[in-house]
Amino acid sequence: MSLARRKLLSLIALLGGPTLFLLVFFFCPLLIMVIYSFLEPGLYGGVVWNFFHLNYGRILGWADTRYEKFDPVFLMIFLRSIRLAGLTVLTSLLISYPAAFWIARMRPARRDFTIFLVTLPFFVSLIVRLFAWVLILRPTGFLNQGLMGLGLTRAPVEFLYTDFAVILGMTYVFIPFMFLPLYGAIEKLDMAQIEASADLGATRVQTFVKVILPATTPGILGGAIITFIPALGNFIVPSVLGGAKVLMIGNLIEQQFLSARNWPFGAALSMMVMAAVLVLLVLQLRLARARREVRT
């Protein structure tokens with residue numbers, strides 16, 4: 001047997017298992033969702049195997065039939081989800097960027113312990129952590145009691161069941177997703193370039209804009225993507241901290257599959273989320289390609 005053939009067989013043996021796993025448990029369910037999104041919803045749930053494009057029409061505007069009507073509320077929920085996910089990314093970035101700089105300059109033992117503290121919430125149930133925020137944000141919670149005790153407010157402030165509560169909860173949940181890529185990029189910074197920039201008379205702002213920011217852009221983009229994607233489809237945080245007042249696309253998909261039993265419409269909503277994620281990934285790839293071309 002030739003060397004090339006042995007390498008090919010070794011590669012097949014190495015990648016065959018993961019490829020089969022992804023095919024069965026990722027691509028096949030995704031294909032089912034795509035097919036269901038173009039099928040007619042059953043009268044009592046399930047699907048009728050007829051081509052039906054009006055599932056997307058209910059979201060995008062061309063459904064105007066007896067049973068399927070266009071309702072702008074679905075598009076508004078989708079746009080709200082993008083807005084809240086984007087604000088979650090921005091808030092996580094504003095917190096993680098200076099924190100990553102601070103931790104990257106620590107002594108190794110202290111730095112490793114601090115990074116462990118950043119990832120520590122993953123060891124506690126998400127539901128427990130979210131209900132802890134309910135205790136903090138509710139009208140009789142710790143935050144309102146503290147504000148009234150300091151004389152800053154006379155009556156409880158409505159923190160719970162607002163956009164603020166949802167953004168706060170998602171930032172708390174997903175901030176490690178932003179921090180870790182940022183930390184990896186910041187740790188690799190060449191301090192000699194920063195010192196050279198200062199020696200050449202650049203201000204701190206100029207050094208940040210022209211030296212530090214370009215070097216850490218890959219970490220920013222990576223953290224933004226892996227934070228935005230789960231935040232866009234999240235339904236647990238809005239359910240607990242947003243209640244019925246803050247409905248996101250993930251909650252709407254959950255309702256269509258479990259409560260309304262309109263699987264085709266739920267699948268169409270899921271495909272809209274998938275389309276938004278694919279657009280984001282394409283933009284990230286183009287930005288990365290543009291940065292490589294500038295370097296060369």
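## Basis

Residues are numbered from 1 along each chain as its sequence is written, and side-chain values use heavy atoms, without hydrogens and water. In this predicted model, local features need pLDDT of at least 70 and side-chain atom pairs count only at pLDDT 80 or more, while totals for chains, interfaces and linings use all residues.

## Annotated spans

An unreviewed UniProt entry carries the annotation "transmembrane region" for residues 12-39, 82-103, 115-136, 164-186, 207-229 and 265-287. Such annotations may be inferred rather than shown by experiment.

Residues 12-39 are 89% helix and 4% strand, with end C-alpha atoms 37 Å apart. Residues 265-287 are 100% helix and 0% strand, and their end C-alpha atoms lie 33 Å apart. Helices (H or I, at least four residues) and strands (E, at least two) are DSSP runs, numbered from the N terminus.

## Helix α4

Buried residues (under 20% relative accessible area, 1.4 Å probe, protein chains only; exposed is over 50%, partly exposed in between) in α4 are Arg111, Thr114, Ile115 and Thr119. They cover an arc of only 140 degrees around the axis, so they sit on the same side of α4. The arc is taken from the directions from the helix axis to the C-beta atoms.

The buried residues of α4 pack against α3 (72-104) and α7 (163-187), where contact means heavy atoms within 4.5 Å.

## Salt bridge

The structure holds one salt bridge (a side-chain nitrogen of Lys or Arg within 4 Å of a carboxyl oxygen of Asp or Glu). Arg83 pairs with Asp163, their closest N and O atoms being 3.1 Å apart. Arg83 lies in helix α3 and Asp163 in helix α7, 80 residues apart.

Arg83 is partly exposed because its relative accessibility is 41%. Asp163, at 27% relative accessible area, is also partly exposed.
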